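Trainee: Could we go through this model together?
Mentor: Gladly; let's have a look.

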Amino acid sequence: MKNKRALTASALSLLPLGQPMILGATTAIATGVAVLSTQTANAQSANEYLVKSRSELEQYIKKYESFKKVNENAKAFFRENLDTLNRIINNAKESASIKETSEAYFILGSVYFYKKNSHFWLNYPSDLTGPEYDEFQKTQKKLETKALSSLNQAIQIDPKNIPALLARAHILAEDEYEK
């Protein structure tokens with residue numbers, strides 16, 4: 001009986017020494033859970049931005065396709081939808097900053113390409129030799145570079161992203177055609 005009491009007493013005397021270890025382990029587990037739940041929250045918010053971007057891009061493409069069929073005033077169409085393109089870019093950038101996905105960069109590349117077309121219709125200068133034309137060309141090239149860079153990033157993340165590969169090929173072919 002004395003041995004049992006001595007064992008119990010010695011175990012209880014060590015409890016204060018083990019308490020920091022128990023608290024430390026609990027803190028480590030709680031921190032791990034918090035980090036994992038933050039990653040889950042980030043993934044959810046990245047997905048939300050991606051869904052918004054995808055949805056608005058699909059709506060824009062539908063408007064664009066119907067615009068081409070109806071043959072409305074191009075400047076009015078592009079002016080009205082410029083805010084939509086900027087919103088899609090912001091949502092896709094936000095999604096990519098939280099979690100880099102091939103789809104986010106594909107959407108960015110596509111929208112930069114549409115924005116290049118909008119810029120063309122809204123800003124094409126009448127004088128093709130002056131500084132206004134040079135500035136127009138710089139902006140066109142800048143938007144094309146952003147589109148290609150985003151599409152390249154999408155392909156780097158997922159080399160089998162066929163839409164990104166096709167979009168990049170389209171832009172490069174268009175660029176080659178203009179030369």
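Trainee: Which residues in H2 are buried?
Mentor: First, a word on ground rules: this is a predicted model, where local features need pLDDT of at least 70, side-chain atom pairs count only at pLDDT 80 or more, and totals for chains, interfaces and linings use all residues. Residues are numbered from 1 along each chain as its sequence is written, and side-chain values use heavy atoms, with hydrogens and water left out. Buried means under 20% relative accessible area, exposed over 50% and partly exposed in between, with a 1.4 Å probe and protein chains only. By that rule, the buried residues in H2 are Ala74, Phe77, Phe78, Asn81, Thr84, Leu85, Ile88, Ile89, Asn91, Ala92, Ser95 and Ala96.

Trainee: How many helices are in the chain?
Mentor: Helices are DSSP runs of H or I with at least four residues, strands are E runs of at least two, and both are numbered from the N terminus. The elements run α-α-α-α-α from that end. The chain has zero strands, and its helices number five.

Trainee: Where does H2 bend?
Mentor: H2 covers residues 74-98, and its 25 residues reach 35 Å from first C-alpha to last, close to the expected 36 Å. That expected span is 1.5 Å times one less than the number of residues. A bend at a residue is the angle between axes fitted to the seven residues ending there and the seven starting there. In H2 the bend is about 40°, and its place is Asn81.

Trainee: How many residues apart are Tyr60 and Phe77?
Mentor: Both Tyr60 and Phe77 are buried. Their pair links distant parts of the chain, with Tyr60 in helix H1 (residues 2-70) and Phe77 in helix H2, and the separation is 17 residues.

Trainee: Phe78 and Trp121 form an aromatic pair too; is Trp121 buried or partly exposed?
Mentor: The pair of Phe78 and Trp121 is stacked, at 6.3 Å centre to centre and 15° between the planes. It joins Phe78 in helix H2 to Trp121 in helix H3 (residues 102-123), 43 residues apart. Phe78 is buried, with a relative accessible area of 1%. Trp121 has a relative accessible area of 42%, so Trp121 is partly exposed.

Trainee: Is Ser97 buried or exposed?
Mentor: Ser97 also sits in helix H2. With a relative accessible area of 54%, Ser97 is exposed.

Trainee: Which helix supplies the largest share of the lining of the second largest pocket?
Mentor: On a 1 Å grid over the protein atoms alone, a pocket is an open set of points where a 1.4 Å probe fits, with protein on both sides within 12 Å along at least five of seven lines; lining residues have an atom within 4 Å of a point. The lining includes Leu57, Phe106, Tyr114 and His170. H1, H3 and helix H5 (162-178) each supply at least two lining residues. The largest share, five residues, comes from H3.

Methods
Phe/Tyr/Trp six-rings, centres within 6.5 Å; stacked < 30°, edge-to-face > 60°.
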